[in-house]
Amino acid sequence: MRARFLFIFLVISVLLMAACGKKDIKDSVTWPLKDFTATTQDNKPLGLKDLKGKIWISDFMFTSCPDICPPMTSNMTKLQKMVKDEGLKDIEFVSFSVDPTVDTPEVLKRYAAQFGVDFNNWTFLTGYSQDFIEEYGPKNFKTIIKKVSEGNVMHQPYFYLVDRDGNIKKTYKGNEEVPFDEIIGDIKTLQ
């Protein structure tokens, strides 16, 4: 009887420890991304296959944006610094332009430099058509992207956490009241 009790206790303990060791991201999703082909601020090709195996944070922006993009880029810069300060390795940052005809690689590079972006792990993307980004964003990131007039593109102010397999795991507000600590914690959980 004692051996049986000990065995049951051991099994329950192992199951509890296994459950405690497993961490999940609160309110996570699994939205698989479809492949894309884009051009970086350095005029080099980049696609989803180049990001496989990496955890990354993404957003949508455009350089002539008068309102939400500058604070989003500033907040992403702050997040990039926090990631570095935390010693988190192999984390990438990816910003998709929603105005690709205006945002050439050179324009993106100048824009990013204004915010002190570290290009070692942050890539700005362009080189696709307006139709492509207006379709790709909603289908993959579940977001709104629509060019309403010249110099005015409607988009949402979110940051997206993407896992090593190319699945969006969570969205966060990116322009104000950014949950920096939560994002860092979620990155650590994915690592």
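**Exercise 1. Find where K142 sits, and decide how open its position is.**

*Solution.* K142 lies in the loop between helix 5 and strand 7; helices (H or I, at least four residues) and strands (E, at least two) are DSSP runs, numbered from the N terminus. Next, look up its relative accessibility, which is 45%. Buried means under 20% relative accessible area, exposed over 50%, and partly exposed in between (1.4 Å probe, protein chains only). K142 therefore counts as partly exposed.

A word on the model before we go on. It is predicted, so local features need pLDDT of at least 70, side-chain atom pairs count only at pLDDT 80 or more, and totals for chains, interfaces and linings use all residues. Residues are numbered from 1 along each chain as its sequence is written, and side-chain values use heavy atoms, leaving out hydrogens and water.

**Exercise 2. Describe the phi angles of K142 and N43.**

*Solution.* Start with the background: most residues other than glycine have a negative phi. K142 is not a glycine, yet its phi is positive, about 55°. N43 is not a glycine either, and has a positive phi of about 65°. Now place N43: it is in the loop between strand 2 (37-40) and strand 3 (45-47). With 53% relative accessibility, N43 counts as exposed.
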